[in-house]
Amino acid sequence: MTTPEETTLSAQAQDFLNRLFPLCRSLTDEGVRQILATLREVADFTIQEVPSGTVAYDWVVPEEWNVREAYIADSHGRRVVDFQQNNLHLVSYSIPFEGTLTFEELRPHLHTLPDLPDAIPYRTSYYNRTWGFCLSQRQFDALDRQETYFVKIDTVLAPGSLTYGEAVLPGRSGHEYLISTYCCHPSLGNDNLSGMVLWALLLRELSQRQRRHTYRFLIAPETIGALVWLSRNESIAPTIAGGFLLSTVAGPGPFGYKRTFLGNSIIDRVVRQTFRELRLDYIEYPFDINGSDERQFSAPAFRIPIGTICKDKYYEYTFYHTSLDNLDFISANALIQTLKLYLLAIEKLEMNRTYRSLMPYGEPMLGKRGLYPKLGGSIKQQAANLHLPHERRPYQVSEETILYGNELDAIRWLLFYSDGQTSLLDIAEKTSFPMRQLFDIAEKLVAHNLLEPV
Ligand code: ZN
């Protein structure tokens with residue numbers, strides 16, 4: 001079921017996952033620049049630098065944080081916790097520190113996850129100036145309580161800049177959609193290395209397609225990056241019709257969809273229709289004020305409806321924000337499956353046209369236009385008609401599973417509903433016909449002067 005094209009895409013995704021995973025990155029640092037430079041091998045986008053101290057509404061771009069080394073050594077000089085082994089060991093934005101401490105003095109600076117004893121937790125201290133180390137519970141338990149420890153944190157916190165990437169793929173419809181992801185988490189696979197790689201692949205794919213709509217791609221550190229972008233694009237943001245926030249897209253578990261704050265926006269509807277047409281199992285999550293940058297993009301001044309299709313949604317999987325969310329946990333194949341869902345959902349945005357019947361006075365005669373089946377008997381026959389099967393297929397996205405319905409019925413429904421107000425998405429929802437079939441037939445009816453696009 002994997003096509004040669006998917007195999008190539010999957011190998012490419014795996015290559016980027018491998019290369020980008022080890023880089024340490026946070027809100028503002030060299031790691032973010034390296035990530036963005038590498039992703040530009042996939043697709044072109046511009047890089048923006050915003051100086052530390054820049055105000056973005058209630059927030060300020062922090063100083064840049066870079067790490068030279070950080071470790072805890074015992075009295076024999078043996079490093080018991082070392083940032084070089086895993087960059088999750090150091091709390092992000094730890095301030096520089098050097099000193100010898102007893103275990104009891106060190107203890108408040110150590111973070112573990114007792115319930116997941118092999119995992120190193122991911123912790124940050126962006127706006128509270130302190131330092132700390134994260135380690136597995138097993139490492140922690142093995143520390144000698146009588147020992148004195150030498151702690152060295154050679155970090156640099158200094159004025160620099162916040163880096164973000166942006167690309168605009170112009171369309172001609174006047175409608176614009178936002179596709180955003182965040183690049184601030186170090187060495188975590190599903191959250192959100194997977195989202196960044198998918199973002200770049202999606203950008204490349206859409207840049208090569210014919211487009212009706214405009215797509216704006218943004219990759220930035222979470223929260224502060226989104227706020228910086230919004231503050232610089234305050235007049236554009238409220239005109240954006242909707243968007244997607246790419247996060248946690250390559251786990252082994254179920255597909256999920258986090259709704260937009262509206263719950264029934266064009267974004268929600270094209271995503272539901274995508275899963276429905278594929279007969280694919282997924283979990284739909286309500287909009288929640290916890291989450292990612294949809295909190296900023298959907299704030300009262302902007303109100304952009306933002307949805308997220310994920311595979312193993314953040315918060316829902318056990319390894320979330322731990323060292324076990326690594327390259328063994330995610331897979332390039334899963335990432336490509338989710339990429340296809342995004343492409344199918346976006347295809348629906350593109351195909352969602354509205355038509356008006358040019359022959360609204362009852363049914364037009366299809367036979368004389370060659371639109372009526374030559375052979376009688378198949379009309380209303382069960383086996384020849386569309387039925388959404390009961391059996392659903394979990395965790396695979398195959399376009400062959402999009403079930404086309406009876407063409408004559410599709411023609412009749414299209415002619416019936418095309419009143420200049422009812423869109424193809426409306427018709428797909430009312431009738432269960434896949435949008436691609438409705439779109440192809442609608443264009444055929446335009447060629448026969450039975451419909452016109454409005
Ligand atoms: Zn996260």
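Asn192 has its place in helix α5. In this predicted model, the peptide bond that joins Asp191 to Asn192 is cis, with omega at about 10 degrees. Asp191 is also one of the protein donors of the zinc ion, so keep this pair in mind for the metal site discussed next.

## The zinc site

Three residues supply the protein donors of the zinc ion: His185 and His321, each through NE2, and Asp191 through OD, lying 2.1 Å from the metal. Written along the sequence, the spacing of these donor residues is H-x5-D-x129-H. The two histidines sit in separate loops: His185 is found between β11 (176-182) and α5 (189-207), while His321 is found between β16 (306-311) and α9 (332-351). The pair therefore ties together parts of the protein that are 136 residues apart in sequence.

How accessible are these two histidines? His185 has 4% relative accessibility and counts as buried. His321 has a relative accessible area of 18%, and because the cut-off for buried is under 20%, His321 is buried too.

Ser187 has a phi near 40 degrees, a positive value in a residue other than glycine. Its place is the loop between β11 and α5, the loop that also holds His185. With a relative accessible area of 6%, Ser187 is buried.

Ser432 also has a positive phi, near 75 degrees, and again the residue is not a glycine. This serine lies in the loop between α11 (424-431) and α12 (435-447). Ser432 is partly exposed, at 21% relative accessibility; buried would require a value under 20%.

## Cysteines without disulfides

How many disulfides does a search of the whole structure find? The count is zero. For Cys24, the nearest cysteine sulfur belongs to Cys184 and is 12 Å away, and Cys24 is in no disulfide. Since a disulfide needs two cysteine sulfur atoms within 2.5 Å, that distance rules out a bond here. Cys24 is partly exposed, with a relative accessible area of 21%.

Cys184 is in no disulfide either: its nearest cysteine sulfur is that of Cys183, 6.2 Å away. In contrast to the partly exposed Cys24, Cys184 counts as buried, at 1% relative accessibility.

## The protein as a whole

Stepping back, the protein contains 12 helices and 19 strands. Its C-alpha trace spans about 95 × 45 × 35 Å along the principal axes. Of the 454 residues, 56% are buried. Among the contacts with a separation of 6 or more, 82% are between residues 24 or more positions apart.

Technical notes. Residues are numbered from 1 along each chain as its sequence is written. This is a predicted model: local features need pLDDT of at least 70, side-chain atom pairs count only at pLDDT 80 or more; totals for chains, interfaces and linings use all residues. Side-chain values use heavy atoms; hydrogens and water are left out. Donors are N, O and S atoms within 2.8 Å of the metal (3.2 Å for Na, K and Ca); water is not among the atoms, so sites may look incomplete. Helices (H or I, at least four residues) and strands (E, at least two) are DSSP runs, numbered from the N terminus. Buried means under 20% relative accessible area, exposed over 50%, partly exposed in between (1.4 Å probe, protein chains only). Contact means heavy atoms within 4.5 Å.
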